[in-house]
Amino acid sequence: MIIEQLYTGCLAQGAYYIESEGEAAVIDPLRETAPYLKKAERNGARIKYVFETHFHADFVSGHIDLAKKTGATIVYGPNAQTRFEAHHARNGEVFTLGKITIKALHTPGHTPESTTYLLIDETGKNHAIFTGDTLFIGDVGRPDLAIKGNLTEQDLAGMLYDSLHTQIMPLEDDVIVYPAHGAGSACGKNMSKETTDTLGNQKRFNYALRVQSKEDFVKAVLDGLTKAPAYFAENARLNKEGYDAIDDVMERGAHALSPDEFEDAVNETGALVLDVRDAKEFAEGFIPNSINIGLHGQFAPWVGALISDLKQPIALVTPVGLEEETVLRLARVGYDHSIGYLKGGFASWTRVGKEVDTIASVSAEEFADQYTQGTVVDVRRSDEFAVEHVEGANNVPLDSLNDHMAAIDKNRPVFIHCAGGYRSMVAASILKARGFDNLINVEGGMGAIKNTPAHRSVGAISSAH
């Protein structure tokens with residue numbers, strides 16, 4: 001028996017490859033099919049099933065393409081309504097995979113169709129559960145993403161309590177928990193950095209499993225939930241209804257454009273220029289009106305939070321060699337309309353003398369001397385701001401920047417910072433594209449401000465004070 005977790009840090013997402021006696025299954029696959037096909041081919045195995053724990057909202061799953069390429073059966077739990085061929089498992093239904101079996105346990109709560117898959121080994125022992133967004137390490141799935149009709153988040157939270165207490169918690173303590181997400185995902189609020197654990201440990205340490213009454217559970221899981229990213233609903237729709245084949249998306253997006261062709265294509269299509277280089281590189285020179293969302297951060301979730309239209313044409317500026325990876329990572333969250341990339345990267349743009357823009361940056365020490373001369377905009381989350389912030393700073397969380405831009409004074413210098421510098425450059429690029437010319441990025445963000453001897457002079461304070 002083989003169980004392999006394929007964890008993708010950008011999305012904080014775990015997919016699973018399971019194999020026994022030449023038969024394989026994939027649980028909650030990402031959109032790219034190659035990793036799963038290569039594993040099966042290498043082992044001489046046939047992918048028999050693609051199990052989906054629920055309709056994912058934070059990424060577009062690879063179930064449809066993988067089933068087409070392998071002939072595998074797509075399996076969802078009860079109540080799942082799809083526009084493509086799939087098997088809708090009954091609660092307790094068992095699927096054979098070589099010498100092991102996989103049992104569907106209907107666990108509604110995160111969504112009505114949420115299903116946990118129990119792996120039973122060849123001796124008949126309960127070995128592992130693949131919990132999707134029902135049970136995380138340290139948390140449970142948020143119950144506010146699938147509200148429809150008369151169904152409220154309180155109703156779903158109550159269902160989740162029942163699912164955990166009737167389907168999962170009665171299982172043995174040594175059963176291994178394999179969740180769909182870890183820390184960094186917006187599908188929960190208190191997830192651990194660990195991506196697997198025993199059920200016994202979760203019974204002892206997971207706050208949601210320690211709560212005794214349903215009433216207290218509902219209050220606990222609904223407390224402190226942040227607004228769901230805007231793209232979640234559209235990703236869930238794509239997973240229910242279908243989407244363009246990933247091979248077609250890659251062919252369309254991985255199209256090299258010379259600087260002149262790139263400029264013409266942007267003008268003709270109204271494409272958004274998305275520059276995925278690191279913040280420091282971007283600040284030193286970029287194509288006017290381009291937006292910076294660095295590939296080496298929480299790239300896909302920030303794209304989803306800030307680009308509201310999944311059908312928006314996107315023209316890419318990437319580090320040389322990362323063009324196809326960028327197209328793929330956009331497709332993972334449903335952004336299928338990349339029109340091509342700048343061949344040779346940003347250097348090719350400057351080489352032919354085309355117009356370049358920049359964003360000024362200052363060190364934390366320089367910020368301490370200058371910040372009173374302008375407006376300070378802190379783009380961290382409100383909970384981060386509440387713990388510690390620069391005195392007099394305006395808190396405009398990055399995911400709400402588009403809604404609060406009018407409140408920022410264009411006539412004064414605007415100092416922008418976050419925790420470490422990634423989000424502040426994203427914000428600065430958006431403001432620059434909207435006509436803010438006097439922008440100054442604080443290098444290293446709050447981390448650097450706190451670590452400079454001058455930090456007391458900028459009024460860095462704790463909310464406890």
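**Close-up views of a predicted model**

**View 1. Parallel pairing of strands β19 and β21.** Strand β19, which covers residues 375–378, pairs with β21 in the parallel sense over 2 bridges. Within this pairing, V377 stands opposite N394 of β21. The structure shown here and in the following views is a predicted model. Both strands belong to an open sheet of 5 strands with parallel pairing, in the order β18-β23-β22-β19-β21. The edge strands of this sheet are β18 (360–362) and β21 (394–395), each of which pairs on one side only.

**View 2. The six-stranded mixed sheet.** An open sheet is formed by 6 strands in the order β7-β8-β9-β10-β11-β12, and its pairing is mixed. Strands β7 (94–97) and β12 (197–198) stand at the edges; each has a single partner strand, so one side of each is left without a neighbour in the sheet. The partner of β12 is β11, and these two strands pair in the antiparallel sense over 2 bridges. In this pairing, V177 has D197 of β12 as its bridge partner.

**View 3. Strand β10 and its two partners.** Strand β9 (residues 115–120) runs antiparallel to β10 and is joined to it by 4 bridges. Here F130 of β10 is the bridge partner of Y117. The hairpin of β9 and β10 has 5 residues between the strands, and in this hairpin G124 takes a positive phi near 90 degrees. Strand β11 (residues 176–179) pairs with β10 in the parallel sense, also over 4 bridges. F130 has Y178 of β11 as its bridge partner.

View 4. In soluble globular proteins, nonpolar side chains tend to be buried together. In this model, the largest nonpolar core has 80 residues, and L274, I293, F299, Y335 and L401 are those with the most contacts inside it. Helix α17 (residues 422–433) gives the most to this core, contributing 6 residues. A second, separate core has 24 residues, including I129, A157, L160 and A208.

**View 5. The surroundings of I293.** I293 is one of the residues with the most contacts inside the largest nonpolar core. When its neighbours within four places in sequence are left aside, I293 is in contact with L274, D275, V276, F299, W302, V303, L306, Y422 and V426.

**View 6. The second largest pocket.** This pocket has a volume of about 450 Å³. It is lined by 20 residues, of which L145, A146, K148, A236 and K240 are the closest to its centre. By class, the lining consists of 10 nonpolar, 5 polar and 5 charged residues.

View 7. K39 lies in helix α1, which spans residues 34–43. The relative accessible area of K39 is 12%; because buried means under 20% relative accessible area, K39 is classed as buried. Apart from its neighbours within four places in sequence, K39 is in contact with E4, L6 and Y17.

Key
Residues are numbered from 1 along each chain as its sequence is written. This is a predicted model: local features need pLDDT of at least 70, side-chain atom pairs count only at pLDDT 80 or more; totals for chains, interfaces and linings use all residues. Side-chain values use heavy atoms; hydrogens and water are left out. Two strands pair if DSSP finds at least two bridges between them. A nonpolar core is a set of buried Ala, Val, Leu, Ile, Met, Phe, Trp, Tyr and Cys residues joined through side-chain atoms within 4.5 Å. Buried means under 20% relative accessible area, exposed over 50%, partly exposed in between (1.4 Å probe, protein chains only). Contact means heavy atoms within 4.5 Å. On a 1 Å grid over the protein atoms alone, a cavity is a set of points where a 1.4 Å probe fits but cannot get out, and a pocket is an open set with protein on both sides within 12 Å along at least five of seven lines; lining residues have an atom within 4 Å of a point. Grid points are joined across faces, edges and corners, and a volume is the space filled by probe spheres set on the points. Ala, Val, Leu, Ile, Met, Phe, Trp, Tyr, Cys and Pro count as nonpolar, Asp, Glu, Lys and Arg as charged, and the others, Gly among them, as polar.
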